[in-house]
Amino acid sequence: MINNLILMNGYGVYVWSSFLLTFIVCVIVYYKTRKTLKKYEKEFAKEIEELSVKQKKIVLESSKVASKVFSSYNKII
Amino acid sequence: MFNFFNNSNIFIWIEKFINFLNSIFFVLLLVALSFALIFSPPDYLQGDSVRIMYVHVPAAWISLSSFSCIALLSIFNFIFKIKNLKIVIKSIAPIGLMFTCIAIVTGSIWGQPTWGTFWAWDARITSMVILALFYFLLISVNKLIIDEDRANKISSFIAAVGLINIPIIKYSVDWWNTLHQPASIKISGTSTIHSSMLVPLLLMFLVLILYCALIFLMKYKTEIIRIKKKNLKRL
């Protein structure tokens with residue numbers, strides 16, 4: 001059963017290489033995209049952190065995105 | 001109503017949707033892979049090599065539909081100048097290029113046991129390579145040209161020209177003598193594929209579409225943060 005699944009009557013090398021290649025590319029792109037997103041979130045949260053108290057208050061009250069990123073970043077820390 | 005479509009509301013919905021996709025994705029992937037690699041029958045002519053179809057065909061569908069989507073949105077953006085569309089186009093293009101490359105490479109691997117060669121310059125393969133070049137051009141223009149208005153114009157032009165290639169890819173198997181077989185699945189008309197193969201194919205398509213949605217949403221979210229970051233610097 002397992003032998004059949006691996007060898008696929010001689011076509012295993014073609015089938016498995018196609019699926020593996022697709023899987024590997026998808027995983028690499030997923031992690032690269034996630035890494036970029038996290039990097040931007042971190043940088044954005046840090047920039048908010050560096051603002052003066054008054055500016056920070058204005059930014060966090062006026063932008064849902066800023067407050068969401070800032071709060072999730074602080075949760076991680 | 002229009003307030004719902006602002007970046008802040010979209011951002012919050014994106015977060016919820018990403019979490020939802022992450023929670024169902026692996027279960028669906030396992031089901032689809034089981035059908036594609038174990039439960040679906042081998043083809044009477046191609047044997048087990050037909051299983052390559054379960055990644056090759058959905059990848060090709062996604063690459064064609066992504067480019068059609070990009071082209072239509074680019075034209076729409078060129079006329080109405082909607083900023084969100086620009087972000088959508090920028091987020092879809094890399095996904096389209098990736099799936100075009102996957103379709104070409106898996107097709108090439110499938111070619112060896114079926115046609116006896118990894119590569120042939122037949123109409124379908126050549127037009128797919130041209131599609132990959134259009135994707136590459138679109139991404140390069142958006143990355144290299146800093147002036148947003150100019151980049152918009154050029155990328156809209158490239159997308160509009162590239163749109164001509166889509167029906168060429170679709171009908172190349174009917175218009176020319178190619179190594180590719182004609183389409184087995186038809187939206188209008190009867191499909192010539194058995195349900196035991198159609199179900200795994202549609203399941204794999206669903207999984208890859210969900211994956212695309214996940215990547216698209218993460219890229220879109222990154223772009224929103226990038227814009228907000230720029231605005232913060234103006235303070």
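The contact (heavy atoms within 4.5 Å) takes 43 residues from chain B and 36 residues from chain A. This is a predicted model, in which local features need pLDDT of at least 70, side-chain atom pairs count only at pLDDT 80 or more, and totals for chains, interfaces and linings use all residues. Residues are numbered from 1 along each chain as its sequence is written, chains are lettered from A in the order in which they are written, and side-chain values use heavy atoms, with hydrogens and water left out.

**Buried area**
- Between them, chain B and chain A bury about 3,600 Å², with 79% of it on carbon and sulfur atoms; buried area is the accessible area (1.4 Å probe) that two parts lose on being put together, summed over both.
- On the chain B side, B:L37, B:K229 and B:L232 lose the most area to chain A, together 16% of what that side buries.

**Salt bridges**
- The rule finds 4 salt bridges across the interface of chain B and chain A, each a side-chain nitrogen of Lys or Arg within 4 Å of a carboxyl oxygen of Asp or Glu.
- B:K221 forms a salt bridge with A:E41, where the closest N and O atoms are 3.3 Å apart.

**Cysteines**
- Over all chains the structure holds 0 disulfides (pairs of cysteine sulfur atoms within 2.5 Å).
- A:C26 is in no disulfide, and the nearest cysteine sulfur, that of B:C212, is 7.8 Å away.
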